[in-house]
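Look at the model first, then follow the questions.

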Amino acid sequence: METILLQLLNGLDKGSAYALIALGLTLIFGTLGVVNFAHGALFMIGAFCAVTLSRLLNLSFETVDPTRTDFLGNPLKVKTPYVEAWFGPDFGHALIDWSVPLAILFSIPIMIAVGFIMERGLIKHFYKRPHADQILVTFGLAIVLQEVIKYVYGANPISTPAPDAFKGSFDFGALLGFDPNLIIYPYWRLIYFGFAAVVIGAVFSFLQFTTFGMVVRAGMADRETVGLLGINIDRRFTLMFGLAAAVAGMAGVMYAPILSPNYHMGMDFLVLSFVVVVVGGMGSLPGAVAAGFLLGILESFASMNWIKDIIPGIDQIIIYVVAIVILLTRPRGLMGRKGVMEE
Amino acid sequence: MTKTDLTRRRVLKSGAVAGAGLALPTMFTSGAYAFTNEPMGGTVTLGFNVPQSGPYADEGADELRAYQLAVEHLNGEGDGGMLNTFSSKALEGNGILGKKVDYVTGDTQTKSDAARASAKSMIEKDGAVMITGGSSSGVAVAVQGLCQEAGVIFMAGLTHSNDTTGKDKKANGFRHFFNAYMSGAALAPVLAARYGTDRKAYHLTADYTWGWTQEESIAAATEALGWQTVNKVRTPLGAGDFSSYITPVLQTDADVLILNHYGGDMVNSLTNAVQFGLRDKMVNGKQFEIVVPLFSRLMARGAGENIKGILGSTNWHWSLTDEGSQAFVKSFGTKYGFPPSQAAHTCYVQTLLYADAVARAGSFNPCAVVEALEGYEFDGLGNGPTLYRAEDHQCFKDVLVVRGKENPTSEFDLLEVVEITPAAQVTYAPDHPMFAGGALGECNAG
Amino acid sequence: MKKNILGLNPKDTKFLLIVVFLTLFTPILLQPFAAGSELAQFNGGYPDLMQKIAIFGIFAVGFNILFGLTGYLSFGHAAFLGIGSYAAVWMFKLLTMNVIPGILLAMVVSGLFAAAIGYVSLRRSGIYFSILTLAFAQMCYKMAYSVLTPLTNGETGLQLTLNDPRILDGAQQGSSLPVTNIFGLAMNSSYKVEALGRVFTFNVGFYFCAVIAILAFYVAIRLFRSPFGMMLRAVKSNQQRMTYTGLDPKPYTLAAFVISGMYAGLAGGLLAAMDPLAGADRMLWTASGEVVIMTILGGAGTLMGPVLGAGVIKYLENIFSKINEGVLHDWFSFLPDGVEDVVIWVFARFTGEGWHLTLGVTFMLVVTFLPGGLIEGLKRLASRIRNGSQKRDKYDDPDPEHRPDPGKRVAGE
């Protein structure tokens, strides 16, 4: 029982990452109809927003400590971050410690700007081009973004810890009446889950309850008619692109403490996010979210030892098996709309 | 090619004859060469085949720095580095056998295919007479096989799987780096001494050949000292989030977690394990411990604070105080501004060892080089007295047991050496079952 | 139209002859710079690269039969390449080092896999089809890397060993591995000719690949021009209309899928024949993506485009990744120090460890400025040179009318 509950928590946690990435991707891919191979790169850039902020906060000046030596035998240069010098060691240290949550604020404008530039500068010209061309151009863009990050930050994963306050684990089992210490779960992962829920809720209510969202939804359903009504749908689609980029970016920032960011993490998530979106069904936001959680939970269950004993290696391929089964039983994924990207 | 009237019957016949083992033309039939890519002019070309893209690109970049340094030293530029401490004095700083050392580089992408393509272009296009480098065992084994067929020497870079000098060993291939068996043999006594002999270990293992040999080696070594193995769980390569593999550990009575992971997997599994509070846990009245059998300082940085106090093994570390290590750290540090990694060290040493073998043999002929390296004993290259064993072309030398440092003074100062395990303790018989199943074959000069 | 013995019209015959000429003279054409000169770095006339270009050309031509004609975008074609390689290497291990049985088996096995995967995947269309093929290929890759290691040798890749049976070849002689051959002629033997200050390498393996590539290309031309090819185009332009006329598109698309799977298997078998090692990396999704990219980069739906795309990508990968800072230093040493450093810094971002950047930028530039791929660029160039409005071959057009109508994509019910 505990095992299952724990794996369910793991699944929800993985699922929230998948759902967040898929949500952004489906805004672009499922609704604007652009096959965006650079979406993984957006997620990666988000994670590197966290790295960048922590690097900025850690910008240091050097003082020479003659009592100690470095590896070459020269006097050791001790680094002190500017923020600690300016705001005092305590507050400065706290700032550095909290760099990941702070990076959320930092990342939103950056990601929206990235999304804007991408859409206006490049994607805009490809709305009417075949999907194949979109794949090529966005794949090229993803490689370029990745190489830039690699040049600046190197190829190794970069440690981006959560604030000390969230380092421990929470006794989740005690809350549900289990014995203490049976089901403990790290704070940060619970926060990640809550954060994903908030973001997903916010995106849905934005599309559902604002006039802007209504117009966008109408535009997704029938772009030409909305255009004929004299509404500048293009501008709104640009904003949607920015929103999608921001969602992907925030997912990346919050995921950094769980998965140390590296420059190719975007490519690692790319295939998966496409599978999630398509399993959810093209053009369906709830579908993408549902598929994200479904695949996350199933992946966690598949990695339980007794299941692996029955079918060796099932944890490696479960996502693809599920994708095949769903697509064969439900022609348009979980909640896909007819006619979207079916030709 | 000659023009002959080939009838179907004759083709079939000749095919059968050829199939039965006709002397086949070798890779390069240009008559001028006595062996593949014999250096003719005033230079000799070495091929440095390292990962420049993909997850090990930083390690590859460090290897390349070491190679460039080695080339400088061989050509008599710079401060000479380990040439001054090396027990053999055959090298004079005038290149190799008086030929200036030149080099070409390539990208293995950490894929067998790409690595072989890159090595092939070095051999076919650039005339490289020796290939070296790499940061994974799959690539090492693949390129080693290619070099055997092409008739050039392969000096392995970072490769830790038992197979490289075990079931996939080749006469033209040599490994200076230590292997999974040695990690286990060096680490197990230290683990037993610190954590006791009554421990229950849970293994998480990267699901590919290196992971398996690592798991087999460390499990055998710890079980021999009384540990029990609770479970061995395979995790997909590049799993990213390891939470679903770590939570089951909490449900068992295991009190040690052994992470047979490398690179990004190691960083993520270790980070996740610490996040789940494993290190704060008490099981069976004992403190729960995590062990990482193969440490890499470059990668360990990605795990940040989480590696503090974690035991593992490594081939070499810049904080070693012997003369050779010091000389290398000094020339590397002066040139690049930071200390070298273990990958850089092994690559630098391999280049020197190759050059020295050529100088002692007086020829670039791969078979002469093989002869010069087999059973060769040397010192002054950082790991104490070392033997290149003739039976399997594996170096036998001291192995370092290290621990994540509690109070690092800089971003490079992450590991501290706990114990230097003497070579005798990690030596095994050439026919040890973990290394069985292969044969060196004969050296191939092309 | 008048047709010759090959069953081609004069225009296609001319086209085929050009291809034959280009292929057979590759060792000379790719070696334009004198050995030892600064630009020799750009020479691509060594066996491995030429073989790779021919092989990936076959792969891309086969992929284009499916994608270019029917519009079905498979994202899992690398699986067939990998399966072909494994099949061929097993043949070398068990039966004989002669490449013919290995290559035949590679085509058969990957054809069977293609039939099975195609049968299932073709029940869906559009993006759903793409994801199904991707899922199958990723499953193959993951299994080959881990659970199926006894069959595939996992991470290291399946390779020959000294104690393989090789029934037809008789007892193992000596202690070195045998080489792949065709009736005794070793694939890796080369004849080097020194002329004009250049070394030209005429490699058996390359010519073997080249002949097969020409055959594969010829078959593709015939297929493009055949009634069957017509049917496939109909599948692309409007399946519904096709169904109304009483034709079931499914057998046609499945046939195209299997044929293109067999092309991939052939390419995989050839890869193994040139270098008897089959790694699981060949089946990774990026490898599937690579052939998609090759096809689009060259020009989807055209005959020559995919080959061109394959050539460009393999050339970039193999040549640009080897230009390190030392080489750059040699090139620009004539510049004043400060300028030299800047120039080297800029170039170093695009070469050596930065070769991926060149790839990415190339993709973006080509697709932005040459919507029909590289072949479009060549055509524009040719017509500019001829300075007239040359009539285009209607088959080599990227046929704009059959491209998905942007309006349809966003339209719901």
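Q: What share of the contacts in chain A between residues at least 6 apart in sequence join residues at least 24 apart?
A: In this predicted model, the share is 73%. A contact here needs C-beta atoms within 7 Å.

Q: What makes a residue of chain A count as buried, and how many of the 343 residues are buried?
A: The cut-off is 20 or more other C-beta atoms within 10 Å of its own. In chain A, 54% of the 343 residues are buried.

Q: How do you know whether the radius of gyration of chain A agrees with that of a compact globule?
A: Set the two values side by side. A compact globule with 343 residues would have a radius near 20 Å, and chain A has 22 Å, so the value agrees. Along its principal axes, the C-alpha trace of chain A spans about 75 × 50 × 35 Å.

Q: Which residues of chain B make up domain 1, and which make up domain 2?
A: Domain 1 of chain B is 43-178 + 319-393, and domain 2 is 181-314. These bounds come from an automatic or database domain assignment. The C-alpha centres of the two domains lie 30 Å apart.

Q: What makes up the contact between domain 1 and domain 2 of chain B?
A: It joins 14 residues of domain 1 to 14 residues of domain 2. On the domain 1 side, α2(B) gives the largest share, three residues. By class, that side has three nonpolar, seven polar and four charged residues.

Q: How many residues does each chain bring to the contact between chain C and chain B?
A: Chain C brings 47 residues and chain B brings 49. α3(C) gives the most to the chain C side, with four residues.

Technical notes. Residues numbered from 1 in each chain as written. Chains lettered and ligands numbered in written order. Predicted model: local features only at pLDDT ≥ 70, side-chain atom pairs only at ≥ 80, totals over all residues. Contact = placed C-beta atoms within 7 Å. Helix = DSSP H or I, 4+ residues; strand = E, 2+ residues; numbered from the N terminus. Rg over C-alpha atoms; globule rule 2.2 N^0.38 Å. Buried ≥ 20, exposed ≤ 12 C-beta atoms within 10 Å, placed from the backbone. Nonpolar A, V, L, I, M, F, W, Y, C, P; charged D, E, K, R; others polar.
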